[in-house]
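Here is a short report on one protein chain. Look at the model first, then read on about its rings and its overall build.

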Amino acid sequence: MKIQHIFFDLDNTLWDHRRNAYLTIKSLFEKEEISLKYNIDFEEFHFVYHEINEKLWENIRDGIIDKEYLRKHRFYDTFNHFGINDEALAMYFEEHFLDKILNHNELVEGAGYILDYLTSKKYTLHIISNGFKEVTERKCILSGIARYFQTITSADTVGVRKPKPEIFEYSLSLADATKENSILIGDDWVADVVGAQNFGMDVIFFDVFNENPQQEDLKTIKHLLQIREYL
């Protein structure tokens with residue numbers, strides 16, 4: 001059956017979360033004069049934060065922790081790594097991070113072009129994200145891409161996250177789409193590729209980190225513009 005519906009993951013597939021988070025944390029770090037007060041190098045701090053945050057998001061995806069745990073721990077554990085046991089400072093960073101990250105709305109290279117291209121080809125576009133509902137919607141609006149999407153599904157709405165089949169089921173139902181006429185595009189191997197494949201839906205893997213998975217017949221891209229090779 002011909003593909004009619006395209007479901008995009010949001011963070012790091014279209015909306016450049018890594019870049020926007022980096023810029024946000026850097027501005028908080030400088031504003032609070034963390035280097036001066038604690039003699040910590042920002043690049044080192046950001047590296048540790050990134051590792052901790054990625055692991056916490058994996059634990060959320062796998063149902064080990066909830067978002068409140070993540071919010072309480074990502075900055076606390078990062079500061080703790082540098083010997084700073086300061087809950088108030090960590091929560092200050094957390095609250096301002098969520099607030100300020102939406103001041104940065106850089107998109108992944110080629111995102112605007114590919115959304116225009118797919119729209120011109122008469123595909124119906126959707127978002128299916130493991131992010132928090134209120135943040136996901138604001139990211140789409142503030143970055144100017146909300147207008148491309150007929151539906152936006154966030155994990156909070158469904159109560160489960162990719163790779164669980166229920167979120168795919170919900171999103172397709174909301175879009176009035178079927179597995180057969182739909183495809184998912186995402187950058188997370190477990191959440192997006194394994195999730196879609198187990199659900200029985202076609203997928204394009206956005207291999208940002210050159211993981212180069214050895215899976216036969218897997219549609220893989222390294223840049224968003226390569227989507228044109230498949231759609």
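The structure holds 16 aromatic pairs. The model is a predicted one.

**A pair of rings at an angle**

Take F75 and F97. Their ring centres lie 5.6 Å apart and their planes meet at 65°. An angle over 60 degrees counts as edge-to-face, so this pair is edge-to-face. Where do F75 and F97 sit in the chain? F75 belongs to helix α4 (residues 67-81), and F97 to helix α5 (residues 87-100). The two are 22 residues apart, and their pair links distant parts of the chain. Both F75 and F97 are buried.

**A stacked pair**

F168 and F199 also form an aromatic pair, and this one is stacked. The distance is 5.5 Å centre to centre, with 20° between the planes. Planes under 30 degrees apart count as stacked. F168 lies in helix α9 (residues 165-175) and F199 in helix α10 (residues 189-199), so the pair ties together parts that are 31 residues apart in sequence.

Are F168 and F199 buried or exposed? The cut-off for buried is under 20% relative accessible area. F168 has a relative accessibility of 1%, so it counts as buried. F199 has a relative accessible area of 6%, so F199 is buried as well.

The table sets out the two pairs.

| Pair | Centre to centre | Angle between planes | Type |
|---|---|---|---|
| F75 and F97 | 5.6 Å | 65° | edge-to-face |
| F168 and F199 | 5.5 Å | 20° | stacked |

**The whole chain**

Now step back. The chain has 10 helices and 6 strands. Its radius of gyration is 18 Å, close to the 17 Å that the globule rule gives for 231 residues, so the chain is as compact as a globular protein of that length. Along the principal axes, the C-alpha trace spans about 60 × 35 × 35 Å.

Buried residues account for 49% of the 231 residues. Consider the contacts between residues at least 6 apart in sequence: 64% of them join residues at least 24 apart.

The accessible surface of the chain is about 11,400 Å². Carbon and sulfur atoms supply 47% of that surface.

Definitions and conventions: Residues numbered from 1 in each chain as written. Predicted model: local features only at pLDDT ≥ 70, side-chain atom pairs only at ≥ 80, totals over all residues. Heavy atoms only, no water. Helix = DSSP H or I, 4+ residues; strand = E, 2+ residues; numbered from the N terminus. Rg over C-alpha atoms; globule rule 2.2 N^0.38 Å. Buried < 20%, exposed > 50% of the residue type's maximum accessible area, 1.4 Å probe, protein only. Contact = heavy atoms within 4.5 Å. Areas by Shrake-Rupley, 256 points an atom, 1.4 Å probe, with all protein chains shown as cover. Phe/Tyr/Trp six-rings, centres within 6.5 Å; stacked < 30°, edge-to-face > 60°.
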